[in-house]
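The structure under discussion is shown below.

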Amino acid sequence: MNNETMIIIGAGAAGLCAAITRARAGVKVLLLEQNNKIGKKILVSGNGKCNIDNKYISPHRFHGQNPAFIEEVLKGYDFKVVEKFFTSIGLELVEGKEGKMFPMSLQASSVVELLEYEAKRVGVEILCECEVTGIDKVDALFRVETSQGTKTCTQLVMASGSPAAPHLGGSNAGYAFATKMGHSLVPRHPSLVQLCSDESWVKGCAGVKVVGLAKLYVNGEYVTEKKGDLLFTNYGISGLAILDLSREVSTRLANFNYCELSLDLMPELSKEKLTNLLLGRVKQDSEKPLDLWLQGIINKKLIAIILEQSKCKVRTEDALNRKEINRLVHAIKNLKLSISDTKGFKGAEVATGGIDTTEVNAQTMESKLVPNLFFAGEILDVDGDRGGFNFHFAWVSGMRMGGIT
């Protein structure tokens with residue numbers, strides 16, 4: 001048994017940032033990681049390029065049941081603060097679309113390797129393949145039972161993440177330890193996740209990708225909409241617009257609400273412009289089959305369902321009139337797809353919910369219930385939008401907990 005000043009559970013973004021900032025302040029730090037290597041989620045982010053942060057940080061890009069906590073954590077910790085931290089470890093950043101920030105190397109491995117080097121340089125001890133099996137507090141000491149023996153410390157940091165992406169080490173273990181010590185949980189649901197549908201037609205459209213607009217209706221009422229890639233799959237639908245909608249869908253499905261998407265497959269064309277385009281293409285002396293005629297403007301895998309949902313009553317080009325064109329336009333710009341489920345935590349990038357943040361000090365990330373117990377990153381009831389926002393909260397919570405003020 002050894003007595004460390006601080007033990008951090010989880011060598012992800014939050015845990016690594018906390019370890020470095022704390023060790024820089026002269027604290028003896030032991031970092032425990034259950035995987036065989038650190039930073040697995042970092043390594044796969046941004047398709048291996050690592051969308052490390054976002055230039056345009058705002059509280060409204062983050063979600064949780066306690067918005068005041070999120071605002072307080074972010075106050076004074078904008079992108080520039082995070083950029084300064086990465087510059088200090090030798091990592092330069094470049095800007096992509098929508099304010100997304102990446103390492104200049106465009107390699108996630110650069111981020112992990114530089115974080116690991118800096119952690120070791122400032123004295124952090126890292127133990128991989130070290131599973132935590134139990135935590136107790138006896139007087140002022142935390143006893144951490146692990147697969148590599150019992151560790152003790154005076155300060156303990158839970159940066160163990162969420163159940164999202166279990167293949168990368170995501171689990172509920174941190175929640176179990178936290179609740180045992182008296183903390184409350186906000187229900188967790190998959191977010192930034194693909195959506196499933198029981199409708200058979202999507203299988204026939206698998207592989208089709210369009211830039212569209214997805215509107216979410218819950219129990220028949222409009223809720224929100226997102227624009228971006230729509231990718232039809234064997235199980236339902238994915239794409240950036242769908243990931244952006246998925247948080248709302250996931251939480252609504254968990255409450256047994258009926259969710260349906262209305263998909264605009266041509267958002268760049270107004271209803272009027274699309275109508276005029278189609279009217280202008282009609283040749284009155286042509287008996288071309290309607291499904292073939294539609295291939296001139298839209299992927300042929302989508303045509304059968306457009307014809308079905310439009311209830312178009314003609315089947316050849318020469319029979320088209322304004323009324324039938326209007327039916328087609330409506331279907332193209334309002335294709336209906338019911339949603340039955342998500343791909344779950346296995347497909348999710350992050351999870352909603354987590355440790356109730358009313359029980360955590362936003363300035364220091366310390367528990368209000370258990371002295372010298374801290375939380376950082378995804379274990380808390382805070383999740384961000386796609387585009388680097390979840391990483392931003394991980395870095396910032398690690399900095400706050402680590403002592404950067």
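## Cysteines

The sulfur of Cys 17 lies 13 Å from the closest cysteine sulfur, that of Cys 50, and is therefore too far away for a bond; a disulfide requires two cysteine sulfur atoms within 2.5 Å. Cys 17 is buried, at a relative accessible area of 0% (buried is under 20%, exposed over 50%, partly exposed in between, with a 1.4 Å probe and protein chains only). Cys 196 is likewise in no disulfide, its nearest cysteine sulfur, in Cys 259, being 12 Å away. Cys 196 also counts as buried, at 13% relative accessibility. Over the whole structure, the search finds zero disulfides.

## Basis of the values

This is a predicted model, in which local features need pLDDT of at least 70 and side-chain atom pairs count only at pLDDT 80 or more, whereas totals for chains, interfaces and linings use all residues. Residues are numbered from 1 along each chain as its sequence is written, and side-chain values use heavy atoms, with hydrogens and water left out.

## Nonpolar cores

The largest nonpolar core has 79 residues, of which Ile 42, Phe 86, Leu 115, Leu 156 and Trp 395 touch the most other members. Such a core joins buried Ala, Val, Leu, Ile, Met, Phe, Trp, Tyr and Cys residues through side-chain atoms within 4.5 Å. Apart from it lies another core of 45 residues, including Val 210 and Leu 337.

Beyond four places in sequence, the contacts of Leu 115 include Leu 16, Ile 20, Ile 42 and Trp 395 (contact means heavy atoms within 4.5 Å).

## Strands

Three strands form an open antiparallel sheet in the order S3-S6-S5; strands are DSSP runs of E of at least two residues, numbered from the N terminus, and two strands pair if DSSP finds at least two bridges between them. S3 (53-54) and S5 (93-95) are the edge strands. Two bridges join S3 to S6 (residues 100-103), and Asn 54 has Lys 100 as its bridge partner in S6.

Technical notes. Helix = DSSP H or I, 4+ residues; strand = E, 2+ residues; numbered from the N terminus.
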